[in-house]
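Hi,

Here is the model I promised to pass on.

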Amino acid sequence: MIKVLIVDDQELIRESLTLMLNAHDTLEVVGSAANGREAIEMTKKYKPDVILMDIRMPGIKGVECIRIIKEHYKTIKIIVLTTFDDDEYIYQSLKNGADGFLLKGISKQELIKAIITVYNNGASIDPDIAKKVLVLFGKLAKSSMVSRVEDQDIQSLTKNEIKIIQLIGRGLSNKEITKELHYSEGTIRNYISNILKKLDLRDRTQIAIFALQSGIMLKNIEEEL
């Protein structure tokens, strides 16, 4: 069962999501918090696998809540579920470690799929938000994540490592990359470990950001062979 924590200041939203998600045979709502402080307390108490996080709440805001929870519980996945698609919310949420960003108009099936995707180490972003993210990262091109990676380190990447960086940039989980490239999960993990070491990056989130900022997503590996 995937343990889910719901964080939203609207009681009706919390109750509706709880009923809907508990009806699915692989999901279990372990708690619902009305504000950021409750969210942090319930995270400590229930250790959920996935948190659905609202942005605008009384007290500790959603963006700050993501930062605090990710600092202490790096393996817990967080999906922002909000009505607001402001660039600043999107940027700050992803920067603080959110694994997904969805708008509340999403369907029941899409939300359940997103929860399962991030639980399996993937990412899930609303298509309209994804467009904004690409624009945002375009503006940030040559900024911190790219400038910290040396050109010689990028040149040292193998064809397979570049392919995996591109797939991570597309939001695929290790399991999905395994199916795409027909390698074992252990082999994929070894490739990712080598990529992190070569580029001196911390985790796959930084690989995804690097992929989008560096332009490596546009690299056609096959044509270079």
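Predicted model: local features only at pLDDT ≥ 70, side-chain atom pairs only at ≥ 80, totals over all residues.

Residues are numbered from 1 along each chain as its sequence is written, and side-chain values use heavy atoms, with hydrogens and water left out. Helices (H or I, at least four residues) and strands (E, at least two) are DSSP runs, numbered from the N terminus, and two strands pair if DSSP finds at least two bridges between them.

**The sheet**

The pairing of S3 and S4 belongs to an open, parallel sheet of 6 strands, in the order S2-S1-S3-S4-S5-S6. Its edges are S2 (27-33) and S6 (124-125), each of which pairs on one side only. As background, strands of a sheet pair through backbone hydrogen bonds, either parallel or antiparallel.

How covered is S4? Mostly: 6 of its 6 residues are buried (buried means under 20% relative accessible area, exposed over 50%, partly exposed in between, with a 1.4 Å probe and protein chains only). Lys77, Ile79 and Leu81 point one way, Ile78, Val80 and Thr82 the other, and the whole set is buried. S5 is covered on both faces too, with Gly100 and Leu102 buried on one side and Phe101 and Leu103 buried on the other.

**The core**

The largest nonpolar core has 23 residues, and Val7, Ile51 and Met53 have the most contacts inside it. (A nonpolar core here is a set of buried Ala, Val, Leu, Ile, Met, Phe, Trp, Tyr and Cys residues joined through side-chain atoms within 4.5 Å.) Two or more residues each come from S1, S3 (50-53), H3 (62-72), S4 (77-82), H4 (87-95), S5 (100-103) and H6 (127-139). H3 gives the largest share, 4 residues.

**Helix H11**

H11 covers residues 185-199, and its end C-alpha atoms are 21 Å apart, which agrees with the 21 Å that its 15 residues should span at 1.5 Å a residue (the expected span is 1.5 Å times one less than the number of residues). Which of its residues are buried? Ile188, Tyr191, Ile192, Ile195, Leu196 and Leu199. They cover an arc of only 135 degrees around the axis, so they are on the same side of H11; the arc is that of the directions from the helix axis to the C-beta atoms. Exposed Asn190 and Lys197 are on the face turned away from that buried side. Asp200 follows H11 and has a positive phi, near 55 degrees.

**Rings and charges**

Searching the whole structure gives 2 aromatic pairs. In one, Tyr183 and Tyr191 have ring centres 5.9 Å apart and planes at 25 degrees, so the pair is stacked. The rule is that rings of Phe, Tyr and Trp (its six-membered ring) pair if their centres lie within 6.5 Å, with planes under 30 degrees apart counted as stacked, over 60 as edge-to-face and the rest as tilted. Tyr183 is partly exposed, at 28% relative accessible area.

Elsewhere, Arg56 lies over the face of Phe84, 3.8 Å from the ring centre. That needs NZ of Lys or CZ of Arg within 6 Å of the ring centre and within 35 degrees of the ring normal.

**Backbone spots to check**

Most residues other than glycine have a negative phi, and most peptide bonds are trans. Asn121 has a positive phi near 70 degrees; it lies in the loop between H5 (108-119) and S6 and is partly exposed, at 35%. His182 has a positive phi near 60 degrees, in the loop between H10 (174-181) and H11, and counts as exposed at 69% relative accessibility.

Cheers
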